[in-house]
Amino acid sequence: MQTPLLTNPQGLPGTNLSRLIARTPNLDWVCVDCEHGQMSDDSMHEAVAAIAACGVSPIVRVQEGQHWMIKRALDAGAHGIIVPLLQTAEEARNIVKFSRFPPQGNRGLGSALSMEKWISGKTGEVKEVPWADYYEHSNSSIVIIVQIETKSALEQVKEIAGVDGIDVLFIGPNDLGNSIGHPMVLNGGKTAPELDQAIATIHKAAQDAGKYSGMYTGTGEQAKKYADEGFNMINTANDIAIVKQYFAQHISIAHGK
């Protein structure tokens with residue numbers, strides 16, 4: 001079984017926090033969360049730079065799949081994007097177009113920041129490359145991840161998985177459950193059988209199309225479960241939840257509870 005690529009996302013701004021997360025042992029990438037996190041545009045730029053400087057790939061979750069949002073993330077030097085709440089295969093095709101330079105897409109070349117976040121896969125060295133190199137290789141190097149977390153996207157999942165340029169189908173189980181009428185938040189945080197089946201359907205569609213499948217989880221135990229099922233990219237926790245849980249745990253211990 002291939003070892004999954006693991007992430008802890010960053011939702012709180014701050015370059016010191018970016019570095020702390022990026023230096024976590026065995027962490028493969030960091031999701032800079034501009035959807036649910038407290039990340040402004042400048043906070044995102046600074047997080048991407050700090051994470052890349054640690055030799056870890058920064059992947060930006062944009063608010064939605066708009067051209068300008070994708071442009072800002074990639075111009076900051078992100079090694080990929082995550083687009084939440086995808087609805088249709090046509091949206092997936094547009095996301096690819098917005099993320100690629102011509103002739104595959106319509107992304108503009110102009111930022112002097114993106115090419116200084118390049119990481120050598122062999123050494124982990126961060127180095128600035130010439131514009132020509134970045135232009136030539138970024139189309140094949142930048143990772144495009146779409147979140148399958150709506151009923152509409154679930155119904156079109158095979159077509160979405162077949163879109164050339166989409167690399168990962170990433171499941172957001174909370175919103176997917178809400179969208180198909182089986183919310184985890186009303187089920188004690190557990191997945192209903194119908195949601196389990198939807199997750200399995202998305203995973204199979206990705207694998208059948210030769211794409212990666214990804215999963216959002218909230219604990220290492222949950223992450224291990226989906227790793228054992230063959231998911232390729234897994235979120236293990238998030239910074240906000242970890243801080244709250246860790247503080248609560250040790251306050252409880254101090255009170256003798």
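The model is a predicted one, in which local features need pLDDT of at least 70 and side-chain atom pairs count only at pLDDT 80 or more, while totals for chains, interfaces and linings use all residues. Numbering runs from 1 along each chain as its sequence is written, and side-chain values use heavy atoms, with hydrogens and water left out.

Ser138 sits in helix α5, residues 131-141. Helices (H or I, at least four residues) and strands (E, at least two) are DSSP runs numbered from the N terminus. Setting aside neighbours within four places in sequence, Ser138 touches Arg100, Phe101, Arg107 and Trp118, where contact means heavy atoms within 4.5 Å.

Next comes the largest pocket, which holds about 650 Å³ of space. Its lining is made up of 38 residues, and Pro173, Asn174, Tyr216, Thr217 and Asn235 are the closest to its centre. On a 1 Å grid over the protein atoms alone, a pocket is an open set of points where a 1.4 Å probe fits, with protein on both sides within 12 Å along at least five of seven lines, and lining residues have an atom within 4 Å of a point. Grid points are joined across faces, edges and corners, and the volume is the space filled by probe spheres set on them. At least two lining residues each come from β2 (29-33), α8 (173-179), β9 (212-216), α10 (220-228) and α11. Helix α11 gives the largest share, five residues.

That helix, α11 (residues 239-254), also carries Phe247, which counts as exposed because its relative accessibility is 55%. Together with Ile242, Val243 and Tyr246, Phe247 forms a nonpolar surface patch with about 400 Å² of accessible area in total. Patch residues have over 30% relative accessible area and no salt bridge, and nonpolar side chains (Val, Leu, Ile, Met, Phe, Trp, Tyr) are joined within 5 Å. A salt bridge is a side-chain nitrogen of Lys or Arg within 4 Å of a carboxyl oxygen of Asp or Glu. Areas come from the Shrake-Rupley method with a 1.4 Å probe.

Pro102 and Pro103 are joined by a cis peptide bond, with omega about 10°, and Pro103 lies in the loop between α4 (89-99) and β5 (118-119). Asn26 is not a glycine, yet has a positive phi of about 70°; this residue is exposed at 70% relative accessible area. Leu85, in the loop between β4 (80-83) and α4, has a positive phi of about 55°.

Terms used: Patches are made of residues with over 30% relative accessible area and no salt bridge: like charges are joined within 9 Å, nonpolar side chains (Val, Leu, Ile, Met, Phe, Trp, Tyr) within 5 Å. Buried means under 20% relative accessible area, exposed over 50%, partly exposed in between (1.4 Å probe, protein chains only).
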